[in-house]
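Welcome, and thanks for taking a look at this one with us. Here is a short briefing to read alongside the sequence and the structure.

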Amino acid sequence: MCQSPLHEFLKGLPKCEHHVHLEGTLEPELIFELAARNGITLPTDPVYTSVETLKTRYEHFSNLDDFLHFFFEGMVVLRTEQDFADVAWAYFQKAHADGVHHAEVFFDPQVHESRGVPYDTIVTGFSEGCKRAETELGLSTRLILCFVRHLPVSSAKEVYDEFVAHKHFESGVVHGLGWSSSEVGPPKDMFREIYASAAQKNIPLTAHAGEEGDPTYISTALELGAQRIDHGIRLVENEELMQHVAREGILLTVCPLSNVRLRCVTSVKEVPIRRFLEAGVKFSINSDDPAYFGGYILDNYCAVQEAFSLNVQEWRIIAENSVQESWVEDSRKAEMLASIEAHINEYTRMHTIAV
Ligand SMILES: Nc1ncnc2[nH]cnc12
Ligand SMILES: [Zn+2]
């Protein structure tokens, strides 16, 4: 538990998570359990000797691609609909305990399909997990299908065609599209055609950009139609672009503990939280791949508090922007805004009495 006097306040603060990869919530314990259940032999690398050796290796990623190697290796244990549903359900339970009211979650079908898992198995399993979270925990959820930058565009196109053929956007099974994986290297605009087609269908679009890559990765994503930017911390390197992002109310989905583990920054203090607040840039705080980065969403909120000592008013701005920029209907936003108001009023009342 964090030492901040605001810990209880932060725990109860209604949260929206906009940046978490369901495959990144696969805890080492579950990797070993699913490997046994599915008769899968894990790599012979000694880091797979035990849960402990794997966790220790996760503490020493050298960069994004070093992490991605383990991220893609870990997810091979996901084979059946039940596996996908189980990992999602395990995440939603943790998110609920951390005060998440609404979760928008990524998944990478191209990677699973490339090892022979059918599109239907992946989407049906994950969406079972979402339905269960809605029914049993009262969470609202959104699935966001991510294209990956380390595989050929042709494989992204195949997945996009399956998504269109299944009418998964129209039926609400998949709510939006994103891109992720290696940032620097592949062409910045590799998904231009897919995003142009999706934009025509009014599908909400996001993109990982400005995590390791410079601000031109962000401007390219916006040019291609992204309405939101995942990470985006390098936005501060371009003042003009930062003003544009602030003016347009484009949300950044910031992931502080991820940035530290992947060495994009040396400590949470270097994540430009204050700069964004001062410039009026909207952002939410998220966990990215919590099973790999040492913390779920509340740990990220607490790390931000320890680094920046924000006040309740600043947390109100963050919490309200997170709701306002969620991809959810207005009635749900109104409910969550009311919960934030009630939580802050209660905290203020208790605090006033205590003083
Ligand atoms: N932090 C991250 N950046 C890019 N792609 C990812 N896929 C999972 N986590 C990611
Ligand atoms: Zn991510």
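A residue counts as buried here if 20 or more other C-beta atoms lie within 10 Å of its own, and as exposed if 12 or fewer do. Please keep in mind that this is a predicted model.

**Helix α8**

- By the burial count, A156, V159, Y160 and F163 of α8 are buried.
- These four cover an arc of only 105 degrees around the axis, which puts them on the same side of α8.
- Turn to the other side of α8 and you will find S154 and A165, which are exposed.
- The partners of the buried α8 residues are α6 (109–113), α7 (119–137), β3 (140–148) and α9 (192–200), against which they pack.
- The length of α8 can be checked too: the helix runs over residues 153–165, and at 1.5 Å a residue its 13 residues should span 18 Å. The C-alpha atoms at its ends are 18 Å apart, so expectation and model agree.
- Just after α8 comes K167, with a positive phi of about 50 degrees.

**Helix α9**

- Three residues of α9, namely I194, Y195 and A198, are buried.
- Seen down the axis of α9, its buried residues fall within an arc of 95 degrees, so they line one face of the helix.
- A196 and Q200 are exposed on the other side of α9.
- Packing against the buried residues of α9 are β3, α8 and β4 (176–180).
- N202 follows α9, and its phi is positive, near 60 degrees.

**The nonpolar core**

- The largest nonpolar core has 103 residues, and among these F107 and F126 touch the most other members.
- Beyond its neighbours within four places in sequence, F107 is in contact with L22, E23, I122, F126, L143, L145 and C146.

**The annotated binding site**

- An unreviewed UniProt entry carries the annotation "binding site" for H19, H21, H208 and D288.
- These positions are spread over 270 residues of sequence, yet they cluster in space, with a largest C-alpha distance of 11.7 Å.
- Where is H208 found? H208 sits in strand β5, which covers residues 206–209.
- H208 counts as buried because it has 29 C-beta neighbours inside 10 Å, and the cut-off is 20 or more.
- Leaving aside neighbours within four places in sequence, the contacts of H208 are W179, S180, E183, D230 and H231.
- D288, by its place in the chain, lies in the loop between β8 (283–285) and α14 (290–293).
- Is D288 buried or exposed? With 31 other C-beta atoms within 10 Å, D288 is buried.
- Two of the annotated residues, H19 and H21, are touched by D288. Not counting residues up to four places away in sequence, D288 also touches V20, G24, C255, S258 and F293.
- D288 and F67 are 221 residues apart along the chain, and 12 Å separates their C-alpha atoms.

Technical notes
Residues numbered from 1 in each chain as written. Chains lettered and ligands numbered in written order. Predicted model: local features only at pLDDT ≥ 70, side-chain atom pairs only at ≥ 80, totals over all residues. Helix = DSSP H or I, 4+ residues; strand = E, 2+ residues; numbered from the N terminus. Expected span 1.5 Å × (residues − 1). Arc of directions from axis to C-beta. Contact = placed C-beta atoms within 7 Å. Core = buried A, V, L, I, M, F, W, Y, C linked by C-beta atoms within 7 Å. UniProt positions renumbered as here; feature names shortened; annotations may be inferred.
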